[in-house]
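Here's a quick tour for anyone meeting this structure for the first time. Have a look, then read on.

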Amino acid sequence: MRILLIGKYGQLGWELHRTLAILGEVIALDYPEINLAQADEVRRVVRQVRPEVIANASAYTAVDRAESESELAYAINARAPGILAEEAADLGAALVHYSTDYVFDGSKGSPYVETDPPNPLGVYGRSKLEGERAVEQVGGKYLILRTSWVYSLRRDSFVTKVLQWSRQQTSLRVVDDQVSNPTWARMLAEVTAQLLAKADKDWLGERGGLYHLAGDGFTSRWGWAQAILRHDAHKEEQVTRQVLPASTLDFPTPAQRPLFSALDCQKFARTFGLGLPPWEEALRLAMEVS
Ligand SMILES: NC(=O)c1ccc[n+]([C@@H]2O[C@H](COP(=O)([O-])OP(=O)(O)OC[C@H]3O[C@@H](n4cnc5c(N)ncnc54)[C@H](OP(=O)(O)O)[C@@H]3O)[C@@H](O)[C@H]2O)c1
């Protein structure tokens, strides 16, 4: 299998590079080798590589900055996925693309299913939703995996930030009114590789579409922060003595975030017989050292 991986240095892309390697030849790129904001460049690269699968782990993920850089966010998150879908369809290739819980406004009060109407609150969510729609409009063989609260330990993430704060502050205040599913990038990459391992030409055509795929269960950022401290392999370095709940209103940000954006991943489990483990078990594994 010849796979074009875009975004090899991102949280997810880094892991995909490793999990996809067993499937065949992986041509892995990231900015500036490929600039998703340049439509012509995207087409040229895909035509040069002629992949059987495109895995797009690149995105404009700076949620707050997107509010003042909407043109760039739309180019990368909305237009580029459509171009990748068109090029994939021309080649008869499959496209695996990732989207976000931030397409929802967070007002439902229970985990979102794929048929719930999206209503993004900010530029990031709107641009990602447009990207989903661009891929769907082209059709062909595609998977859109909507995920949430992605973390890894090798790039800045909520997990690495909490660990850093825990070495500096005796008391932490973390919002308890934002709730979703923490998702370890590694496990998302593992599942992606397992899916592609099964995917002969027709398989993905029959099962393609939009799926929710995130860590099982949900928690607040406050609950997540406490779990991070619990599973810290170097607790002796912590100076934090208490983690206090706070409100989103206490930390104003340029972009509004959904409050309850947990994803229901049952459609994915029913269709593929696979799923991510409970979020805290994945966190424990991510943070464990021998
Ligand atoms: N992180 C989350 O909490 C979260 C939640 C839900 C869904 N998702 C989705 O999951 C997917 C993976 O997210 P992630 O957290 O792994 O993202 P990430 O760590 O921010 O990685 C994104 C990658 O895209 C690259 N990139 C940025 N602009 C580019 C451009 N113009 N051309 C080519 N590449 C460019 C980035 O390069 P630079 O680092 O140089 O900018 C980076 O390597 C994305 O689709 C994201 O929307 C993420």
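Pro32 sits in the loop that links β2 (25–29) and α2 (39–49); helices (H or I, at least four residues) and strands (E, at least two) are DSSP runs, numbered from the N terminus. The peptide bond leading from Tyr31 into Pro32 is cis, its omega near 5°. Arg50, in the loop between α2 and β3 (53–56), has a positive phi, near 50°, and isn't a glycine. Most residues other than glycine have a negative phi, and most peptide bonds are trans.

A word on the source: this is a predicted model, where local features need pLDDT of at least 70 and side-chain atom pairs pLDDT 80 or more, while totals for chains, interfaces and linings use all residues. Residues are numbered from 1 along each chain as its sequence is written, and side-chain values use heavy atoms, leaving out hydrogens and water.

| Residue, part | Ligand atom | Distance |
|---|---|---|
| Gly10, backbone N or O | oxygen | 3.3 Å |
| Asn35, side-chain N or O | nitrogen | 2.9 Å |
| Tyr124, side-chain N or O | oxygen | 2.7 Å |

Tyr124 also belongs to the contact between α3 and α4, where Tyr74 of α3 is one of its partners across the way (contact means heavy atoms within 4.5 Å). Helices α3 (residues 70–91) and α4 (residues 123–138) pack at about 15°, axes 8 Å apart (axes are lines fitted to C-alpha atoms over the stretch in contact, with angles from 0 to 180 degrees between N-to-C directions). They're therefore roughly parallel, as angles under 35 degrees are.

Notes:
Angles under 35 degrees count as roughly parallel, over 145 as roughly antiparallel, 65 to 115 as roughly perpendicular and the rest as oblique. A polar contact is a pair of N or O atoms within 3.5 Å; within protein, one must be able to donate a hydrogen and the other to accept it, and residues adjacent in sequence count only if both atoms are side-chain atoms.
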